[in-house]
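Open the model in your viewer and keep the selection tool at hand. The stops below go from one element to the next.

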Amino acid sequence: MAQRVLVHISRSEQRVIDPDDVYCLVATGGETEVRLRGRTPLIDMRPLGEVLPSFEPLGFVRIHHQHAVNPIHVRLLRLQADGRDWEVKMDPPVNLVLPIARDRLG
């Protein structure tokens, strides 16, 4: 059975999700958007730094101080228009384009 992860929706509610269904994690202030296939992300009330340790052993990679991605849902890695910086494009239907921090390349 695949490992599952808890998303802390509120102090009194946690949702169990399959990490393979998660495309990326996006820091938004003190909370974390958990982006799934659907249009509306789940909001974990914890900051990305507290959420990510549950996902890293499952293969998630932090690409920026505000973003972590599930490599199985990365469609494309490309240079940005400036020719110096890199970005990732996530698979449809999420289609987000996220920057990669220079210190995360390697």
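**Stop 1: a helix on a sheet**

Select helix α1 (residues 48-55), which lies across β3 (24-28), β4 (31-35), β5, β6 and β7 and runs at about 165 degrees to β3. Helices (H or I, at least four residues) and strands (E, at least two) are DSSP runs, numbered from the N terminus. Contact means heavy atoms within 4.5 Å. Axes are lines fitted to C-alpha atoms, for helices over the stretch in contact, and angles run from 0 to 180 degrees between N-to-C directions.

This is a predicted model, in which local features need pLDDT of at least 70 and side-chain atom pairs count only at pLDDT 80 or more, while totals for chains, interfaces and linings use all residues. Residues are numbered from 1 along each chain as its sequence is written, and side-chain values use heavy atoms, with hydrogens and water left out.

**Stop 2: the sheet**

Now show the strands. The order β5-β4-β3-β7-β6 makes up an open sheet of 5 strands with antiparallel pairing. At the edges are β5 (42-44) and β6 (61-64), each pairing on one side only. From one strand to the next the twist averages 25 degrees. Two strands pair if DSSP finds at least two bridges between them; β6 and β7 have 3 bridges, in the antiparallel sense. Select H64 to find H67 of β7 opposite.

**Stop 3: two rings**

Where in the whole structure is there an aromatic pair? A search finds 1. Select F55 and F60: their ring centres are 4.9 Å apart and their planes are at 65 degrees, so the pair is edge-to-face. Rings of Phe, Tyr and Trp (its six-membered ring) pair if their centres lie within 6.5 Å; planes under 30 degrees apart count as stacked, over 60 as edge-to-face and the rest as tilted. F55 and F60 are both buried (under 20% relative accessible area; exposed is over 50%, partly exposed in between; 1.4 Å probe, protein chains only).

**Stop 4: H73**

Go to the loop between β7 (67-69) and β8 (74-79) and select H73. H73 is buried, at 10% relative accessible area. Leaving out residues up to four places away in sequence, H73 touches D20, D21, V22, Y23, K89, M90 and D91. A polar atom of the H73 side chain lies 2.7 Å from the backbone oxygen of D20.

**Stop 5**

Most residues other than glycine have a negative phi, and most peptide bonds are trans. In the loop between β9 (86-90) and β10 (97-100), select P93. The peptide bond from P92 to P93 is cis, with omega near 5 degrees. N95 is in the loop between β9 and β10 and has a positive phi of about 55 degrees, though not a glycine. N95 is partly exposed, at 37% relative accessibility.

Note on methods: A polar contact is a pair of N or O atoms within 3.5 Å; within protein, one must be able to donate a hydrogen and the other to accept it, and residues adjacent in sequence count only if both atoms are side-chain atoms.
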